[in-house]
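These are my notebook entries on one model, written down in the order in which I looked things up. I have put the cut-off for each term beside its first use.

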Amino acid sequence: MGESDSAAVTSGIQGGGVIMVVNTSINGNTTRMALERMPYDVQSHEVDVLVIGFGMNDCNYWVTDKGMPRVSPNAFKANLEEIIERAFRFGAKQVVLRTNHPSPKTDYMTHTTITYGESNHFYNEIIREVAKSNPRVIFVDMEQEFNRYIAEHSVPLEELTLSDGVHLSLLGHKVYFDCMYPVISKIAEEY
């Protein structure tokens, strides 16, 4: 459950089992919208594993919001906690919570004195807080992994995103995959 396009696939795993992967992400969604979709998208499907990726839309400040984020920090934290609680309550055995990759956007957002990159980092701190307070959650620090990759390979952040500074480039997707694959692979071995 996250903020990107939707798709559904099935793939084989070692040992002959099958894993059904349902991507209920909707581009532009926030945690508030996700909670509205939880009953159908997660609860009714009795998922075994839920991967949660939110924040990049929640932290954004639209011109029409006159200096308020799309979802306030307090509401964002509460929404994540409720998504996690609902996931476990409705049968999830594993919940993966991740931070978002950093953004190179350095212009102040309209009606604010904060850049998108700074706001994204602040919301990542909230995600870390939520993960730390819930030992049942598997935590992946995507922001830290991207920063590590940048330092080790002397690659500017701008090469990991598209020109909008938000969506990932091909290289950014590779870094993301290399970070998430071991986590998902380990979980899949248990099924």
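**Entry 1: aromatic rings**

I looked up the aromatic residues and found that Phe76, Phe122 and Tyr123 form one aromatic cluster. For pairing I used the rings of Phe, Tyr and Trp (its six-membered ring), with centres within 6.5 Å, where planes under 30 degrees apart count as stacked, over 60 as edge-to-face and the rest as tilted. By that rule the structure holds 3 aromatic pairs. In one of them, Phe122 with Tyr123, the ring centres are 6.0 Å apart and the planes stand at 75 degrees, so I noted the pair as edge-to-face.

I must record that this is a predicted model, in which local features need pLDDT of at least 70 and side-chain atom pairs count only at pLDDT 80 or more, while totals for chains, interfaces and linings use all residues. Residues are numbered from 1 along each chain as its sequence is written, and side-chain values use heavy atoms, with hydrogens and water left out.

**Entry 2: charges over rings**

I then searched for charges over rings, which requires NZ of Lys or CZ of Arg within 6 Å of the ring centre and within 35 degrees of the ring normal. Lys105 lies over the face of Tyr116, 4.9 Å from the ring centre. The charged end of Arg136 sits over the ring of Phe88, at 3.9 Å from its centre.

Two packed helices are described by the angle between their axes and the distance between the axes. I took helices (H or I, at least four residues) and strands (E, at least two) as DSSP runs, numbered from the N terminus. The axes are lines fitted to C-alpha atoms, for helices over the stretch in contact, and the angles run from 0 to 180 degrees between N-to-C directions.

For helix H2 (residues 73-89) and helix H3 (residues 116-132), the axes come within 10 Å and cross at roughly 40 degrees. That makes H2 oblique to H3, given that angles under 35 degrees count as roughly parallel, over 145 as roughly antiparallel, 65 to 115 as roughly perpendicular and the rest as oblique. The crossing of H2 and H3 is right-handed, a term for the near helix being turned clockwise from the far one, while left-handed means that it is turned anticlockwise by less than a right angle.

Which residues meet between H2 and H3? With contact meaning heavy atoms within 4.5 Å, I listed Pro73, Phe76, Lys77, Leu80, Glu81 and Ile84 in H2, which meet Phe122, Tyr123, Ile126, Ile127, Glu129 and Val130 in H3.

**Entry 3: H1 and H2**

I listed the buried residues of H1 as Thr31, Ala34, Leu35, Arg37, Met38 and Asp41, and noted that they pack against H2. The axes of H1 and H2 come within 9 Å and cross at roughly 25 degrees, which makes H1 roughly parallel to H2. H1 passes H2 in a left-handed crossing. On the H1 side the contact is made by Thr31, Arg32, Ala34, Leu35 and Met38, and on the H2 side by Phe76, Asn79, Leu80, Glu82, Ile83, Arg86 and Ala87.

**Entry 4: loops**

I checked backbone angles and found that phi of Glu46 is near 50 degrees, a positive value in a residue other than glycine. Glu46 is placed in the loop between helix H1 (31-41) and strand E3 (49-52), and at 61% relative accessibility it counts as exposed. Lys66, in the loop between E3 and H2, also has a positive phi, near 45 degrees, and at 66% relative accessibility it counts as exposed.

Thr115 is found in the loop between strand E4 (94-98) and H3, and at 7% relative accessibility it counts as buried. Leaving aside neighbours within four places in sequence, I found Thr115 in contact with Lys105, Thr106, Asp107, Tyr108 and Met109.

Finally I looked up Lys93, in the loop between H2 and E4. Lys93 and Val49 are 44 residues apart in sequence, yet 6.0 Å apart in space, C-alpha to C-alpha. Not counting residues up to four places away in sequence, Lys93 touches Asp48, Phe88 and Tyr191.

Methods. Buried means under 20% relative accessible area, exposed over 50%, partly exposed in between (1.4 Å probe, protein chains only).
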